[in-house]
Amino acid sequence: TLKYSHSHETEADRLGIQYLRGAGYDPKAMATVLQSLAAENALSAQIQGRDASVPEWASSHPEPASRVRGALQLAGNATGVTNRDTFLTRIDGLLYGDDPRQGVIEGNTFIHPDMRLTFSVPNGYYMVNGTSAVSINGQGGQAQLTTAAYNGNLETYVRQVFQAIGGQQTQLAPQAVQRTTINGIPAMIGQARGNSGQGQVEVRVVAYEFARNQAYHFAAITPAGGAAVFNPMFNSLRRITAAEAGQVIPRRIDVVTAARGDTVQSLARRMAYTTAQEARFRVLNGLAANAQVVSGEKYKIVVRAS
C-alpha cells in the first residue's frame, strides 16, 4: 500500500555512498547522517510525547538502526576527507527550524505572523508544519489546518471541503452546518459520519472567515463520537496583533569555539529553547550521553536571529 519500498531507500543509501566515495569524501559519513536523523527523530518524539517507534513493515523507511548498519557495511574500510571546519563555516548563520514565513511551532502552539493567526493543540498531540498545511496527530485522531479558494460564502466553502475529503469515490456531505463566531471571527462548523474501512469515523470541518476573499479551516477525523477532543483547538484559533507577529523571531545556527571551562551544560544553556536544551545540544553535535566538549573545538548552538 506504500508508494515507495524499503529497496528504494536502500538503493538511495548505496548511491549516496557511491557518490561520496567518487568525490573523495569519507563514505562512512552516510552512516553518520542516518544516525543523526534517527537521534533527531527520537528526540522530537520524546519532546512531543509521542511514540518514535514505527513497525518496519509499516514504513517506507527501513528502521534507522538497520540502515546505519547497512551503510557501514557498504562503506567498508574506505577513507576520505570530511572537511569538518569548512562545513561548519558554511552553515554558520543558517536558518534553523521553522521559517516564520511559513509559521512556527512553539511547544503546543502554532503561530503564523504573515497570516496573523495562532492556535494550540491538546496535550498529547503533535504538529508537523508543511508549506501548505499544518498537520495535527495523536492517538485520538488527526486534523489539518489549511486553506482553499473562497468566494465569500462560508457554507459553500465548508461543503466543498467535505467534498474534497470524500474524493470522487465517496459523496461526503455534512449532516449539519452551524454558523457561529469564534474569538470574534465568523465561523461555520460542519460534521459528518463516514467509514474508514476500519470502522465508523467522524469528520468535522471548522472554517473561519478572515476576509471577504480569505478563509482557513480545520479538517479533523476521529473515531465516531470522538470529535470533541479537538474542540479546545478549534476554539483556540484567533487573530494575532502586529506586535505579536513581530515577536516571532527565527532561529539560526551559531558555530562557537569551546573555551576553557566550557561544558556541555554551559553551551547548552545558550540554546534558544526553554525545554530539553542539553538533549538538543547533544543531538545537534552528535555527542553521546556521556561525552563532553573539548576546549578549542567548534560546536553548533541554536540562537535567535538578531
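## Exercises on a Predicted Structure

Apart from residues within four places of it in sequence, glutamine 265 is in contact with Glu278, Arg282 and Gln292 (contact: heavy atoms within 4.5 Å). The model is predicted, so local features require pLDDT of at least 70 and side-chain atom pairs pLDDT 80 or more, while totals for chains, interfaces and linings use all residues. Residues are numbered from 1 along each chain as its sequence is written, and side-chain values use heavy atoms, leaving out hydrogens and water.

**Exercise 1.** State in which helix glutamine 265 is found, and why it counts as partly exposed.

*Solution.* Step one: locate the residue. Glutamine 265 belongs to helix 8, residues 264-268 (helices are DSSP runs of H or I with at least four residues, strands runs of E with at least two, numbered from the N terminus). Step two: consider accessibility. Glutamine 265 counts as partly exposed because its relative accessibility is 31% (buried is under 20%, exposed over 50%, partly exposed in between, with a 1.4 Å probe and protein chains only). Step three: compare sequence with space. Phenylalanine 281 is 16 residues from glutamine 265 in sequence, and their C-alpha atoms are 8.9 Å apart.

**Exercise 2.** Determine where asparagine 83 and alanine 276 lie, and give the phi value of each.

*Solution.* Begin with asparagine 83, which lies in the loop between helix 3 (64-75) and helix 4 (84-91). Its phi is near 55 degrees, a positive value in a residue other than glycine. Next, alanine 276 sits in the loop between helix 8 and helix 9 (277-285). Although alanine 276 is not a glycine, its phi is positive, about 50 degrees. Finally, asparagine 83 is partly exposed at 39% relative accessibility, and alanine 276 is partly exposed at 31%.

**Exercise 3.** Identify the buried residues of helix 2 and the residue that follows this helix.

*Solution.* First, Met30, Ala31, Leu34, Leu43 and Ala45 are the buried residues of helix 2. Then comes glycine 49, with a positive phi near 70 degrees.

**Exercise 4.** Give the order of the seven strands in the open sheet, and explain why one side of strand 5 and of strand 8 has no neighbour.

*Solution.* The order is 5-6-7-11-10-9-8, with antiparallel pairing (two strands pair if DSSP finds at least two bridges between them). Strand 5 (126-129) and strand 8 (176-182) are at the edges, each with a single partner strand, so one side of each lacks a neighbour in the sheet. Glycine 138 stands opposite glycine 141 in strand 7.
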